[in-house]
Amino acid sequence: MTMSAVTLAVVLLCVLGSYVFYALLLTFHPASVSDSLVPSSIELAWVMVTLVLALLIAIYVATRLSRRILPPLDSVAMSLRQLAEGDLSARASTDGRALHEAAQLVHDFNTMAQRLQRMAQERAFWNAAIAHELRTPVTILSGRLQGLSDGVFEPSRDMLASLQTQVEGLSRLIDDLRVLGLQESGHLRLHLEHTRLAGEIRSVALAVGPALQAAGLELTLELAEQPVLCDPMRIRQALLALLENAMQHASPGPVCVSHRVRHGVCMVRVQDSGPGVDAELVPRIFDAFQRGEAARARGGAGGTGLGLAVVQAIAQAHGGQARCLPAAQGGTAFELSWPA
Ligand SMILES: Nc1ncnc2c1ncn2[C@@H]1O[C@H](COP(=O)(O)OP(=O)(O)O)[C@@H](O)[C@H]1O
Ligand SMILES: [Mg+2]
């Protein structure tokens, strides 16, 4: 755009200028117009003046243009160097005078730097959270095994069962982390089949029924019988995690598992009757290692905070989504939906 303006200005200067020049020359001094190919001295002077003027215009515009391009580029280059040296907080800056394209470059660079920084923070958070979750069971295991080998504890059935529980917790943690890692890298493979989900849900309900009852929860089922395309093992896993959450986090009362297919979307929903999810937790409830205040206070017994992240990973692997909705009577409904 600017370069076109410069070209236009120079062409206008040459064409119109020459027109005016010759008009004046022919009117006032016709004798000095050269009648051969060799220009007269006054024509030569005019050519020189035009050249110098064109040059001045070009230099003026180029200087102004570079003032709008170079500072943002310099800023990006400097921030890039800082980034390469490991300072992920480096950001490029620009002012209102920057050329549109240069400002866009600064903006894109800053977006990229911000994402890099967030990814680094997330990785650090994950490492810390995994280490934290591993520490408790490993400490317990190592203490008890040490006690057993030193003869401080007598090996008993109860002792072995409690060790077994710690190992199961660890292997559960590893499984959950594996599912999340696979889903994040797009490698969570599903074994899709046409499944009558009602049957799968009933079998899960049968398996956890006694535990639900012990927690004071009355389970009701509302199930559609038509077959849908899904990985039944993964859907059972998600449902189990949701029912486990109802046992751990919901107060005694009715729990309803419903399943329906509508407008080509398959839906599985677990709804409890309270006390509901902390409002500030709702936006990030499906993120890994996020737990409510009450669950955190319970420590290890509250779970790892991976359950809902796994539920979401399973829904996403099915091309769907997981949602947390406030339900009637202050309860919570967790819903998986995916295209049937
Ligand atoms: N049915 C529920 N009612 C109330 N809060 C819940 C429910 N399910 C989950 N939550 C909240 O969401 C958090 C995350 O759940 P989850 O990812 O399964 O982790 P965990 O169960 O290991 O704490 C829980 O710590 C709890 O605060
Ligand atoms: Mg849970």
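A residue is called buried under 20% relative accessible area, exposed over 50%, and partly exposed in between, as judged with a 1.4 Å probe on the protein chains only. By this scale E225 is partly exposed, with a relative accessible area of 37%. The model is predicted, so local features need pLDDT of at least 70 and side-chain atom pairs count only at pLDDT 80 or more, while totals for chains, interfaces and linings use all residues. Residues are numbered from 1 along each chain as its sequence is written, ligands are numbered from 1 in the order in which they are written, and side-chain values use heavy atoms, with hydrogens and water left out.

A salt bridge is taken as a side-chain nitrogen of Lys or Arg within 4 Å of a carboxyl oxygen of Asp or Glu, and the whole structure holds eight of them. In one, R202 pairs with E225, with 2.7 Å between the closest N and O atoms. This pair links distant parts of the chain, 23 residues apart: R202 lies in helix α5 (residues 197-214), and E225 in the loop between β2 (217-223) and β3 (228-230). Helices (H or I, at least four residues) and strands (E, at least two) are DSSP runs, numbered from the N terminus. R202 is partly exposed as well, at 40% relative accessibility.

A second bridge joins E244 to R172, their closest N and O atoms being 2.9 Å apart. Here the partners are 72 residues apart, E244 in helix α6 (residues 232-249) and R172 in helix α4 (residues 157-184). E244 is partly exposed at 26% relative accessibility, and R172 is partly exposed at 38%. In a further bridge, E280 and R284 bring their closest N and O atoms to 3.0 Å. Shared partners also join R172, D176 and E244 into one network of salt bridges.

In total, 21 residues surround ligand 1 (each with a heavy atom within 4 Å), and the closest are N245, H249, D272, G305 and L308. A polar side-chain atom of H249 lies 2.9 Å from an oxygen atom of the ligand, and one of D272 lies 2.7 Å from a nitrogen atom of the ligand. G292 places a backbone N or O atom 2.9 Å from a ligand oxygen atom. The protein covers 95% of the 530 Å² of accessible area that ligand 1 has on its own (Shrake-Rupley method, 1.4 Å probe).

Technical notes. A polar contact is a pair of N or O atoms within 3.5 Å; within protein, one must be able to donate a hydrogen and the other to accept it, and residues adjacent in sequence count only if both atoms are side-chain atoms.
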